[in-house]
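Hello,

Here is the structure I promised to hand over. Please open it first, then read my notes below.

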Amino acid sequence: EEGWLIYWTRDVEDEATRQEEKRKTSEKSQGCSEGGHEQGEMEAENVLRKQRHWEKQVAAKKSRRKEEKLRRKMNRTGTEHQFTKRVMKAITKERLAEARSTGLKLCVDLSMTDCMSDKEISRLAGQLRRLYGLNKKVTRPFHLFLTDLREDSRLYRECVRMNDGFLNYTMDITDESCLDLFPPELVIYLTPDAEEALESVDADKVYVLGGLVDESITQAGELSVHTARLPIDEYMVKKDNVKNFHSKILAVNQVFDILLTFCDTGSWKEALQMWFSPGKGYVVAGGDSNSII
Ligand SMILES: C[S@@+](CC[C@H](N)C(=O)[O-])C[C@H]1O[C@@H](n2cnc3c(N)ncnc32)[C@H](O)[C@@H]1O
């Protein structure tokens, strides 16, 4: 009996242990599924968060695009002269082509370049580039001629080398002289040494600038044509300066700047004030815009 009791007690104990283990396993598995549920919720939350973030980004991009579109539209309507580069280029080309038939005529006489140094040739090529550059920018450009310019000359080669697009410049480049091209009675050679001051710029005349850098050489005097100087004595006075330097001789592009501005404004005073180099020791005299001293 005692033995049976012992066996029975062991059985009961075993069963209790089995039950306990079963409960623990069941609890464990229950706990596991709760954890899995939590993890699933976290993943879903992550997906939602990502989706919200993505939606925000799309909305921001959309509004940026809308703003940009509006800004461009305002630019177009607000400033009527805002043309694209391509349109500007086409307008310039059109103006220069028009100038070839109706523009005021200006020649740069390049017959003296053979006796110039290489340095002077380079400087002259730079001055021609600036002269053409300004003519391109204005509303009413001149019809420009580079005369006595041979293709095998140093100046021609230097212009091609230094001046971008020189071969496509809208101007007449010729090895003929200005007096071969135009009747002498129509030619007005501009020179600082002339007695007469230039008063106006007329459509039926041809204005000639000497393609020289050296201020001591004069070309105009050797030709039997009408000469004129810029009206510096009429509108300007000497200005005191340390070196006591005063010169009325300008580079070709500077003379051209003054002519263009005079044609645009009708005022010598304004043109000289704007372009006469301050280093030359002259200033425009006071008074009305076109009053002569
Ligand atoms: C550097 S300058 C040469 C100066 C040279 N002694 C001469 O008399 O031709 C170049 C050219 O610019 C023009 N020029 C310069 N200063 C001028 C002025 N004050 N009046 C008229 N033309 C001028 C002339 O056509 C001149 O030939």
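Let's start inside the sheet. Strand 4 (residues 187-190) and strand 5 (residues 206-210) pair in the parallel sense, and four bridges link them. Keep in mind that this is a predicted model.

Val187 has Val206 in strand 5 as its bridge partner. Ile188 has Tyr207 of strand 5 as its bridge partner.

Strand 4 also pairs with strand 6. The two run parallel, joined by three bridges. Here Ile188 stands opposite His226 in strand 6.

Now strand 5. Is it buried or exposed? Five of its five residues are buried, so strand 5 is largely enclosed by the rest of the structure. Its side chains point two ways. Val206, Val208 and Gly210 point one way, while Tyr207 and Leu209 point the other way, and all are buried.

Strand 5 also pairs with strand 1 (residues 105-109). This pairing is parallel, over five bridges. Look for Asp109, which stands opposite Gly210 in strand 5.

What is the order of its six strands? The order is 3-2-1-5-4-6, the sheet is open, and the pairing is parallel. Strand 3 (172-173) and strand 6 (226-228) stand at the edges. Each has a single partner strand, so one side of each is left without a neighbour in the sheet.

Phe145 has Asp172 in strand 3 as its bridge partner.

On to the helices. The axes of helix 3 (residues 118-137) and helix 7 come within 8 Å and cross at roughly 15°. An angle under 35 degrees counts as roughly parallel, and helix 3 and helix 7 are therefore roughly parallel to each other. Their crossing is right-handed. Helix 3 brings Gln127, Arg130, Leu131 and Leu134 to the contact, and helix 7 brings Val252, Asn253, Phe256, Asp257 and Leu260. By class, this contact has five nonpolar, two polar and two charged residues.

Helix 7 (residues 252-265) also meets helix 8 (residues 268-275). Their axes come within 8 Å and cross at roughly 145°. This crossing is right-handed. From helix 7, the residues are Gln254, Asp257, Ile258, Thr261, Phe262 and Thr265; from helix 8, they are Trp268, Glu270, Ala271, Leu272, Met274 and Trp275. They divide into seven nonpolar, three polar and two charged. Asp257 is worth a click: it is listed in the contact with helix 3 and in the contact with helix 8.

Last, two loop residues. Asp148 is not a glycine, yet its phi is positive, at about 60°. Asp148 lies in the loop between strand 2 and helix 4 (154-162). Asn244 is not a glycine either, and its phi is also positive, near 50°. Asn244 lies in the loop between strand 7 (236-238) and helix 7.

Which of the two classes, buried or exposed, does Asp148 fall into? Asp148 counts as buried, because it has 23 C-beta neighbours inside 10 Å and the cut-off is 20 or more. Asn244 counts as exposed, because it has 8 such neighbours inside 10 Å and the cut-off is 12 or fewer.

Best wishes

Key:
Residues numbered from 1 in each chain as written. Predicted model: local features only at pLDDT ≥ 70, side-chain atom pairs only at ≥ 80, totals over all residues. Axes fitted to C-alpha atoms, helices over the stretch in contact; angles between N-to-C directions. Left-handed = near helix turned anticlockwise from the far one by under 90°. Contact = placed C-beta atoms within 7 Å. Nonpolar A, V, L, I, M, F, W, Y, C, P; charged D, E, K, R; others polar. Pairing = 2+ DSSP bridges. Parallel < 35°, antiparallel > 145°, perpendicular 65-115°, else oblique.
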